[in-house]
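Trainee: Could we go through how the two chains meet? I'd like to start with the terms.

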Amino acid sequence: MKVWAYIHPQLNILCCALLPEAVPQGIQALEFEVESTDDVIYDGAQIRSKTQDEKLQEEKQRKLAELKNYVASLLSPIDYIVIKIAEAQVLGQDVTVLKQKYAVQLQRRGAIRQWNEQMEQAINNAKTVEEVRSIKIEFKG
Amino acid sequence: MAFTVGMISGAGGSNADTVDGFHASQTPGANIIVPLNANGILDLSATYVKSNVYSFRRVDLTGATSDYMLQVGEEAYISFSNATSVPLHIATQSGTYYECHLICSNTGGTSGGTEAEIYLNPNNTTYSNAFAYAEVYRNLGGLGSSYSVTYSAFRCGWAFSNITYYITNYTQYKNIRGFYDIYGLSHHYPSIYIFSTDWRDTTTAWTSLGTITFPQSASGYILVRRLA
C-alpha cells in the first residue's frame, strides 16, 4: 500500500496518511510503498521504511511471545503438581510417592520444555519473515 | 365532536388521484404518497424515513470518493474484495457514537491468515504510539490477556476477524471497544477476544472515521450505524 509520512507539526509525532487527501494542508509528506503502516518509522533523524532485518527481528519477537504464551497455557493447568511436590520437600517429607503418582504429568512437562527449546531455536535461526511466519506453534506430545 | 377530513379529488367523479393535493405512486419521491406494493411491503428503497431524532436508511458507500456524514440511525454499508485497505468515507465529529460490524467472508480454517493486526486508522492516518490497547482472550492455547501502549491506530482485529465494536468520538475521549473472532491461523477458528482501545490524544479532532487496514487481502463487508 502507499502511505504519505510526515511529522505532525503540533503533536511532533510520526503520522502516515493512507489517502493523499489526508495529509494536512501545507505539510510536506514522503511517499512510501509498504506492506503495512507499521513498516514506516522515524529513527530520530529521518523518516524511513524498516529494513528487512528490522522486520525479521520484530517477527521473531512476535513469534517468541506467542510461543511463550502457548507454553504457559500448556504448563499452568498442571503447575499444582510441582507446587505440591515442592511443599512436601519444604516440609521434609518423602516425595517419592508423589513423583510416582504424577509421573505422567511430570514427563509431559519435560517434553513441553524440550519442545519449547527446539521451537525457540527454530525461530531464532529463521532467515526470513516468511520463514518465521511459517513456523506452526503446536505441541503434539 | 369535530372531524378534519382532507380533500380527496378525482377527475370527473372518478377514483381520487390525490389526497390533500398529494399524488400516490409506488415510486417514492418528494410529496408522493407511497402505498404498499403487490407483496404488501412499504418499499422506500429510493428514499428514507426520518423523525426528529432518527433516520431509517442504509447508504451504500462502497467505492465512495468523499466522506458522507451519517445521520443518527442511518447505516452505511461498505463491501470490499481482496483488499488490504478499505477507506470508510464516513465523516464524523465530536459527540457522535457508532456501532460497527466488520464481516470477513474469507474461507474459514486455521491457515491463510497473517499474524498481524487489523486497524481502524482514524482520519485515514496513523499517529505514532498514540493508542493503547487492552484485551482478554481465549484461543486454543488457553486464556490470556495483553496490554500495549505503542499502537499507532485503533487495533480492532487480527488476521481474518469478524468484529463487532462501538465507537465513542469526543475530541477529549476517543475509544473503540468490542469483541472479535479470529480465523486463518493455528490456535484460532474459533477464538474470542474482548478488547478496548483508546486514542490517547485529547485535542486532535476525529473528523473522518478512517480506513480499515488488513494484514493480508480480505473480502467481506462493513456495517456502520450511527447511534448518537
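Mentor: Let us begin with the salt bridge, which is counted when a side-chain nitrogen of Lys or Arg lies within 4 Å of a carboxyl oxygen of Asp or Glu. This is a predicted model, in which local features need pLDDT of at least 70 and side-chain atom pairs count only at pLDDT 80 or more, while totals for chains, interfaces and linings use all residues. Residues are numbered from 1 along each chain as its sequence is written, chains are lettered from A in the order in which they are written, and side-chain values use heavy atoms, with hydrogens and water left out.

Trainee: OK, how many salt bridges does the rule find across the interface of chain A and chain B?

Mentor: The rule finds one across that interface, and in it R62(A) is joined to E117(B), with the closest N and O atoms 3.6 Å apart.

Trainee: And how much area do the two chains bury between them?

Mentor: Taking buried area as the accessible area (1.4 Å probe) that two parts lose on being put together, summed over both, chain A and chain B bury about 2,000 Å², with 54% of it on carbon and sulfur atoms. On the side of chain A, L18(A), L19(A) and R62(A) supply 23% of the area buried against chain B, more than any other three residues.

Trainee: Switching topic, how many residues are in contact?

Mentor: With contact meaning heavy atoms within 4.5 Å, 25 residues of chain A touch 26 residues of chain B.
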